Amino acid sequence: MMPQAPFSPTVPDDVAGIFDALGLTLLGIADAMPDAAATARYQAWLQAGRHGDMVWMERHAVGKYDPSQILPGCRSVLVTGLSYYQPGACGVGQGRIARYAWGRDYHRVLGNRLRRAARQLTDRYPQDRFKGYTDALPLDERYYACAGGAGFIGRNTLLIHSALGSWFVIGEILSARHWPATPLREPRHGACPTGCRKCLDVCPTGALTDFGEIDASRCISYLTIENKGPIPAEYRKAVGAWLFGCDLCQEVCPFQLRKQVTTERDFLAWRAGPGVSPSEILAMDEDAFAARFAGTPIMRTGLWRMQRNACIVAGNLQDAQSLPALHRMRIGADLILREHAAWALAQYT
Ligand code: B12
Ligand code: SF4
Ligand code: SF4
């Protein structure tokens, strides 16, 4: 059972006007309650090493399920979502780029707008404090979005909204002013159809568990974007053609039939686009990399990690154009890249 949409969280017209004018859709409002049980679950997740080398996630434990640790006196979390969906397949015959990264970095697109909204709210209610951001602070954004009635968390661990599927990024305004919380529509967590296992079955690395949790250290998104070291040998074949991120557990989800094509010009105007050939990445120096990917989420991952990924993708695709660069890299100065290039060359038959 999906929560029904559309619905309107209760905010005064002038506040709704701030969101509308900035092209933001207010999806729901949650009370900024701390949740000790969720904190304990998160601690257990960390202790199991599910976060790989994302050590910053350990520092985030304090504010993950307690917004007042981020904004003292926080009473409400105003949740917004921005669709990045546009039709098309990720890189056919090339290195695949996850859909959220085809255009401009959402941290800028959505983050800038939320900061502006927070400033405007401060102008209107100078006695209160507001903080607007996306994916930049400890808060578990899906948890508070779910608590604010904006959707449910699926077995792929993503927030699914009745009109957007999961093809949207989440941002929020932490508010010291209290707003009426959006009435909760059950069910909240894990409201997938009973027998559906499509996301679990499609995941090439077995990163999703039956309990609606992710082992991030196995997720291709982690392995190609966040992981700072080598890609473990056991996952290299499974990475397939994913050069940056992975969308498989979203692509198969039946709730993705409910999606809205984004109207954001910053997302529609491709910078990275759906596919990049591994040979192009392997041939790049820092200047070429910056010229090609400035303003995209790929920029933050950096050339070294992208070249590491490109070796794996080139090997898996047996990409003939990458051969000269792989041979050069195999005898290059960087030991990790050397080893990845050697692995790639061993895949050619
Ligand atoms: C770290 C991180 C990652 C990691 C871990 C992913 C993950 N699922 O947590 C990696 C690098 C793998 C990753 C990948 C991706 N990410 Co990411 N990521 C984050 C980040 C920064 C933190 C998430 C986090 O804290 N995870 C911690 C784990 C422990 O949370 P969890 O899996 O939900 O586990 C908890 C629940 O299961 C809960 N739980 C278990 N049982 C129960 C029962 C009940 C009743 C309840 C209430 C809770 C509960 O307890 C667990 C422990 O706390 C958020 C931004 C943010 N600050 O929230 C973005 C975020 C989750 N990512 C996002 C995106 C878009 C992606 C990718 C799609 C990118 C891509 N295409 O490659 C993939 C998707 C992979 C996937 N299936 O999740 C979006 C998701 C948008 C949405 N619609 O849901 C977010 C919200 C960023 C944003 N601002 O939009 N990401
Ligand atoms: S993003 Fe890819 S690797 Fe990660 S859980 Fe989903 S299907 Fe598995
Ligand atoms: S694919 Fe099925 S199990 Fe996975 S999130 Fe979607 S509905 Fe839930």
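Helices (H or I, at least four residues) and strands (E, at least two) are taken here as DSSP runs, numbered from the N terminus, and on that basis Gln 318 is found in the loop between helix 13 (298–317) and helix 14 (323–330). This is a predicted model, in which local features need pLDDT of at least 70 and side-chain atom pairs count only at pLDDT 80 or more, while totals for chains, interfaces and linings use all residues. Residues are numbered from 1 along each chain as its sequence is written, chains are lettered from A and ligands numbered from 1 in the order in which they are written, and side-chain values use heavy atoms, with hydrogens and water left out.

**Backbone**

- Gln 318 has a phi near 50 degrees, a positive value in a residue other than glycine, and with a relative accessible area of 34% it is partly exposed, where buried means under 20%, exposed over 50% and partly exposed in between (1.4 Å probe, protein chains only).
- Asp 135, in the loop between strand 4 and helix 5 (141–147), likewise has a positive phi near 50 degrees and counts as partly exposed at 37% relative accessibility.
- Most residues other than glycine have a negative phi.
- Gly 148 lies in the loop between helix 5 and strand 5 (152–153) and counts as buried at 0% relative accessibility; Gly 148 and Leu 337 are 189 residues apart in sequence and 45 Å apart in space, C-alpha to C-alpha.

**Aromatic pairs and charges over rings**

- The structure holds 14 aromatic pairs, where rings of Phe, Tyr and Trp (its six-membered ring) pair if their centres lie within 6.5 Å, and planes under 30 degrees apart count as stacked, over 60 as edge-to-face and the rest as tilted.
- The rings of Tyr 42 and Tyr 65 have centres 6.1 Å apart and planes at 70 degrees, so this pair is edge-to-face.
- That pair links distant parts of the chain, 23 residues apart, with Tyr 42 in helix 2 (residues 36–47) and Tyr 65 in the loop between helix 3 (56–59) and strand 2 (76–83); Tyr 42 is buried at 5% relative accessibility, and Tyr 65 is buried at 8%.
- Tyr 125 and Trp 179 also form an edge-to-face pair, because their ring centres are 5.7 Å apart and their planes stand at 75 degrees.
- Tyr 125 lies in the loop between helix 4 (106–124) and strand 4 (130–133) and Trp 179 in the loop between strand 7 (168–175) and helix 6 (198–202), so the pair ties together parts 54 residues apart in sequence; both Tyr 125 and Trp 179 are buried.
- The charged end of Arg 177 sits over the ring of Trp 179, 5.7 Å from its centre, a term that requires NZ of Lys or CZ of Arg within 6 Å of the ring centre and within 35 degrees of the ring normal.
- Trp 167 belongs to one aromatic cluster with Tyr 84, Tyr 85, Tyr 100, Tyr 106 and Phe 244, and the charged end of Arg 99 sits over the ring of Trp 167, 4.9 Å from its centre.

**Ligand shells**

- Ligand 2 is surrounded by residues that include Cys 203, Cys 219, Cys 246 and Cys 249, each shell residue having a heavy atom within 4 Å of the molecule.
- The shell around ligand 2 has nine nonpolar, one polar and no charged residues.
- Around ligand 3 lie residues including Arg 155, Lys 198, Cys 192, Cys 196, Cys 199 and Cys 253, and this shell divides into seven nonpolar, two polar and two charged residues.
- In this classification Ala, Val, Leu, Ile, Met, Phe, Trp, Tyr, Cys and Pro count as nonpolar, Asp, Glu, Lys and Arg as charged, and the others, Gly among them, as polar.
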